[in-house]
Amino acid sequence: MRTRIIGTGSCLPETVVTNEDLSQIMDTSDEWISSRTGIRERRLVKEETTASLSVTAAKRAMENAGVSAQEIDLIIVGTITGDYVTPSTACEVQAALGADRAAAFDINAACSGFMFALHTADAYLKTGMYKTALILGAETLSKIMDWSDRSTCVLFGDGAGAAVVRSDEVGLLAYDQGSDGTRGMVLTCRNRKNNNPLVQNPTDFSYTQMDGQEVYKFAVTTVPKSIKKVIAQAGLTIDDIDYFALHQANIRIIQSVAKRLGVSEDKFPTSLDHCGNISAASVPILLDEINRKGLIKPGMKIVLSGFGGGLTWGSAVIEV
Ligand code: ACO
């Protein structure tokens, strides 16, 4: 049996912030941002939270799958921006859905979070322990941005994507995931400092910092290798793949991966222009967008690939 994605959903915050809007409040321009990244606008939260976006995305995925809250055995959310350290976003989602049979927890694998959630759900489903899982990638990255640092804050957005997975005849054909903690410091957001009576000046609010060029090098070397690996593992060739749904970090990374694989960019759908980089939420939001556009037909083979902080990466080939 294979783990099959049977429904998708997503939710973006209401408020659109264009590159032009950002250029009114910081020294940047639409030309700089769009030419280097492919991003034209992103959505940022006002009243929404990671959990509220997740709940809406989850309800849409469950409706798309025709699955009720009582049928869900497991909820996994890939996120680095949960609203609370505890409870987890997954527990907040469970409560809001009334999915009281489900075990729920979060995974921190940054931009690979949804892929790690998919692979974890697959491992549980294969044991026979659970039948139906709800997996999400959800972020409110705007709250961990330094809004005085134009080199990072213009790149990211907020949103949530969800999928319902279940054991079936077709589905996840192969996956690859990995981590390289030795290079973790190229993309960081520090948590709180030690805070007890022994420590002087413990208060520390930290924001996202990135060595963009190192992240770029990591992505364009690791992602093509990982994708080739899963395609071979699935017994397929690159020509058998209908779409490559990659983490939406940067259009240049996507173009470079397409070139290194020798595949037309037409097979790489994007949401970067209107979403920006939403870390763990990028892949499921993109998947939901192509699903709702009717681009996914039964029998198609799709590569999903996430990569980012940790450093981490995860790729899969799915048959839909
Ligand atoms: N607007 C205008 N100018 C800017 C901005 C901005 N928003 N940000 C930086 N600049 C300036 C810098 O100050 C610098 O100016 P200087 O030459 O006078 O010092 C100049 O632009 C170049 O800055 P770099 O940081 O060297 O810019 P670079 O060309 O490397 O582009 C980018 C930055 C787009 C992030 C690039 O490194 C990249 O593509 N990285 C890939 C990684 C990535 O996209 N990460 C996203 C998150 S990680 C993930 O999801 C996996």
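This is a predicted model: local features need pLDDT of at least 70, side-chain atom pairs count only at pLDDT 80 or more; totals for chains, interfaces and linings use all residues.
Residues are numbered from 1 along each chain as its sequence is written, and side-chain values use heavy atoms, with hydrogens and water left out.

**Contacts and cover of the ligand**

- An oxygen atom of the ligand is 3.0 Å from an N or O atom in the side chain of Gln213, and a polar side-chain atom of His247 lies 2.8 Å from an oxygen atom of the ligand.
- The ligand taken alone exposes 1000 Å², of which the protein buries 71%, with accessible areas coming from the Shrake-Rupley method with a 1.4 Å probe.

**The shell around the ligand**

- The ligand is surrounded by 22 residues, the closest being Thr28, Arg150, His247, Asn250 and Asn277; a residue counts as near if one of its heavy atoms lies within 4 Å.
- At least two residues of this shell come from each of α2 (30–37), α6 (150–153), α7 (212–233) and β12 (301–308), and α7 gives the most, with four residues; helices (H or I, at least four residues) and strands (E, at least two) are DSSP runs, numbered from the N terminus.
- By class, the shell holds 11 nonpolar, eight polar and three charged residues.

**The second largest pocket**

- The ligand sits in the second largest pocket, which means that more than half of its atoms lie within 2 Å of the pocket's grid points.
- A pocket is an open set of points on a 1 Å grid over the protein atoms alone, where a 1.4 Å probe fits, with protein on both sides within 12 Å along at least five of seven lines, and its lining residues have an atom within 4 Å of a point.
- This pocket holds about 530 Å³ of space, and among its 22 lining residues Leu155, Met210, Gly212, Gln213 and Asn250 lie nearest its centre.

**The largest pocket**

- About 1000 Å³ of space lies in the largest pocket, whose lining has 31 residues, with Ile80, Thr81, Ile144, Cys189 and Asn191 nearest its centre.
- β5 (103–107) and β9 (187–188) each supply at least two residues of this lining.

Definitions and conventions:
A polar contact is a pair of N or O atoms within 3.5 Å; within protein, one must be able to donate a hydrogen and the other to accept it, and residues adjacent in sequence count only if both atoms are side-chain atoms. Ala, Val, Leu, Ile, Met, Phe, Trp, Tyr, Cys and Pro count as nonpolar, Asp, Glu, Lys and Arg as charged, and the others, Gly among them, as polar. Grid points are joined across faces, edges and corners, and a volume is the space filled by probe spheres set on the points.
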